[in-house]
Amino acid sequence: MTSLEVGSPGDLRPVPYSGQVVFTSSGMMAVHAANPDHSAPDTAYTRNGYEAFYGSVEVDADSGVFVVTVESSIVRDLIGQRLSRVYERSGDTLVVTPTDPAEGFRVTYRRHGS
């Protein structure tokens, strides 16, 4: 993860997160991210400044959208949910935003390895 921005649509502000996303050839996806501020308030995706979930992923390259069905998560309310995300890939950079802008985030990753 190279950056995370959160807020309302049109007013996204940087948050000092670090993390990674992993997509497998078998159709799985996993996210792990941490806020260095352990006292950061919990969100719909985090507990104690940490986000972690994985699940099966369906990618629609034509529309630039993927949907992950959460199989396990540090936030148990996410289990079973289908999270729809818009993605843009350019070279080694991946930018992910929610399909619903009201969710208010934008995360950028840079590929490492092959």
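Which residues does Asn-35 touch, not counting residues up to four places away in sequence? The structure is a predicted model, in which local features need pLDDT of at least 70 and side-chain atom pairs count only at pLDDT 80 or more, while totals for chains, interfaces and linings use all residues. Residues are numbered from 1 along each chain as its sequence is written, and side-chain values use heavy atoms, with hydrogens and water left out.

Asn-35 touches Val-15, Pro-16, Tyr-17, Ala-40 and Gly-49, contact meaning heavy atoms within 4.5 Å. Asn-35 sits in the loop between β4 and β5 (50–60); strands here are DSSP runs of E, at least two residues long, numbered from the N terminus. With a relative accessible area of 10%, Asn-35 is buried (buried means under 20% relative accessible area, exposed over 50%, partly exposed in between, with a 1.4 Å probe and protein chains only). Its side chain also reaches the backbone nitrogen of Asp-37 at 2.8 Å.

Now to the strands. β3 (residues 18–23) pairs with β4 (residues 28–34) in the antiparallel sense over six bridges; strands pair if DSSP finds at least two bridges between them. Gln-20 faces His-32 in β4 across this pairing. Four residues lie between the two strands of the hairpin, where Gly-27 takes a positive phi near 90°.

Further along, β7 (residues 82–90) and β8 (residues 93–98) run antiparallel and are joined by six bridges, with Tyr-87 opposite Val-96 in β8. That hairpin has two residues between its strands, and Gly-91 takes a positive phi near 60°. β8 is also joined to β9 (residues 105–110), again antiparallel, by four bridges, and Thr-93 stands opposite Arg-110 in β9. Here six residues separate the strands of the hairpin, and Gly-104 in the turn has a positive phi of about 65°.

As for the rings, a search of the whole structure turns up two aromatic pairs (ring centres of Phe, Tyr or Trp, the last by its six-membered ring, within 6.5 Å; planes under 30 degrees apart count as stacked, over 60 as edge-to-face and the rest as tilted). Phe-23 is partly exposed at 36% relative accessible area, whereas Phe-66 is buried at 3%. Phe-66 and Tyr-87 make a tilted pair, 6.1 Å centre to centre with 35° between the planes. Because Phe-66 lies in β6 and Tyr-87 in β7, this pair ties together parts 21 residues apart in sequence.

Key
Polar contact = N/O pair within 3.5 Å; in protein donor to acceptor, adjacent residues only side chain to side chain.
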